[in-house]
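Hi,

Here is the structure I said I would pass on.

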Amino acid sequence: MVEAEELLRGDNLVVQFRQTQGFRRHLIYPVNQISLAVASNEIVGIVGESGSGKTTLGRALAGMTSIVQGSLWLKGRNVSRLNRKELRKYWEQVQMIFQDVYNSLNPIYTVEQQLSVPIQRHASPTQSVQRELENLLQLTGLTPTAAVRARLPHELSGGQRQRVAIVRALAAQPDLLIADEPVSMLDVSLRAEILQLLGHLRDNLGLAIVYITHDLPSAVYIADRILVMYGGCLVETIRADALIQESRHPYTERLLAAARFEKPASPPGSGSESATSSVLLASYKGCPYAPRCPIASQICSTTRPSLVQIGHNHLAACHALSASSEAQGR
Amino acid sequence: MNENHSAILSIEHVSVVYETEAGLAPAVNDVTLELEPGKILGLVGESGCGKSTLAQAIMGLLPPNASLVEGRIAVQDCDLYTLSEPALRAFRWKNVSMVFQSALVTLNPVIPVGKQFEEIFTIHRPAMSRPEVLRRIEELLNLVRIHPQHLRNFAHELSGGMRQRVAIAMAIALDPALIIMDEPTTALDAVVQQEILDEIRRIQEIKRFAVVFISHDLRLVSYISSEIAIMYAGKIVEFGPAERFLSEARHHPYTQGLLDSIPHLEGERFSIHSVPGSPPDLVNPVSGCAFHPRCFAAYEACLAAAPQLKRVGSGQIACFDVERKQKEEAHG
């Protein structure tokens, strides 16, 4: 593969939240020392469960949540700390769409009204707003366009509403689209259409996409590269077409098994596998997956493993894996 | 289907109609189903296919603008629609209970979970003493693997998976013969979803209740169900044992569409396709088969009349194209 031009890069990003529990206050890191890069025209899938920090990471990349440590770079320009005016500029290049298509559109505006304003704002003076709107509606499959233009959000199906949200994001002619669970509220039968539309937009507009989801199969389907996230950290990054065969982190394995409805190899001792937020605490020093991991050893609960290369374009953060690859190297 | 007294749930030629501003919308149209004790029936279809309306009809919980215009629904040989309102209220939860998609909606946000549990018993089992009730609640929580300390928690303090476990424990509190589960795992992550499904199966094997499991995800439903009914525009278009949806090749074109729309994790790469077009307009239905505007196999016959369920392999399918292909094969 030819090394593509780097669009967005994050170095050791940290996002911090304050949490109150009774009278005690804690500091948590939903995004903890994450480094990543998105090439132009690339689709990167960020996969993890609720509470893994994937949405917070997405919001940080979109400039909607501030970063307390680390730096974010867009086309070589430092965009870690932007003022309001600079943010407006940033959002011309980076746009976001959300899971909840029911609440992300204004209920009393027709499709045309929703979309004309952002198109007008971003169009060059020579461009006709009407023609641009028509193009975007055609491009996203919102046809017949004349009928769709006049509809209110509640008159659209869930899939159509997500398309309208996509058009609104595209109006700014961004380089990067951050899509946070864009299909998880849609019926299974409609998801494929929206996923294919995202792929189509990448191919035709040269758009880069960060696709955030808890659904591993859909990420494998659409993405070029997958970042698996757990407890605020990246635990494995791998090419999507290699993931099924070569992924090795215990959490990725668990996600694969769940997607195939297979029972876990060795179920953890206590009842539920639900994540505990205690691994997000700033005071926690171990591997975030250690409390649930079937192969965790002593070191895992005391020292956080770093992300190391274990194959071609393949990184994992796991003591067991780095130990075994070191042993092989000798 | 013949008269069978062992059935827990029998639905005979049931039609439910909504009165809307635009006109009458038949949401469930001549549905006949039967469920035996200890079986899990999966009910699958897109939003608006009538699966949740059918569930509400089984619970006797249809909204005010909907009515059962035809047919009979009996749970344990008791016709729900002959019961008075107080009798129906007693019947619900004791004989048939329900688990919803979001336990956050069903659990009262300002009352601790434990108090809500006790309420079930004070209303339905007034003779039970408090220590007995508490012992029973503890048993139930053990069954769904929730630590009794969580009884003091409010609903929002529990994780999504824990809330759904609590909802299941509540649904089985009075040992009902039938539980309706309406998308119980849709709001959960893949790992927790599988956990809850396994939990339902495990408890179901102990308690032997029957389940109507509603979802739009055919793959998930075929994992948990013993038999599956596919619904489209208020009608059952395919019915059969769960295995047939994974093994047999011949399906209703709509079922095929649902199967093709799911990303699999087999092999290196795969393609997925969605079912083209949009869900049917119930107020102004098309002529003939309701699926024909979206169907790749539709021909003249499909526009003229609605197909009936006919036996195909181990199941039943309502499709003229499938019928035609079967006839061709039979004639060599």
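Of the contacts in chain A with a separation of 6 or more, 65% are between residues 24 or more positions apart. Keep in mind that this is a predicted model.

On overall build, chain A has 11 helices and 12 strands.

Then the surface. Buried residues account for 52% of the 330 in chain A. The accessible surface is about 15100 Å², with 49% of that belonging to carbon and sulfur atoms. As for charges, chain A carries 32 positive and 28 negative ones, and their mean positions lie 8 Å apart.

I also went through one of the sheets. It is open, with 4 strands of chain A in the order E2-E1-E4-E5 and antiparallel pairing. Strands E2 (24-39) and E5 (77-78) are at the edges with a single partner strand each, which means one side of each has no neighbour in the sheet.

So what holds E5 of chain A to strand E4 (residues 69-74)? The two run antiparallel and are joined by 2 bridges. Within this pair, A:Leu74 sits opposite A:Arg77 of E5.

Cheers

How values were computed:
Residues numbered from 1 in each chain as written. Chains lettered and ligands numbered in written order. Predicted model: local features only at pLDDT ≥ 70, side-chain atom pairs only at ≥ 80, totals over all residues. Heavy atoms only, no water. Pairing = 2+ DSSP bridges. Buried < 20%, exposed > 50% of the residue type's maximum accessible area, 1.4 Å probe, protein only. Contact = heavy atoms within 4.5 Å. Areas by Shrake-Rupley, 256 points an atom, 1.4 Å probe, with all protein chains shown as cover. Lys, Arg positive; Asp, Glu negative; His and termini not counted. Charge placed at Lys NZ, Arg CZ, Asp CG, Glu CD.
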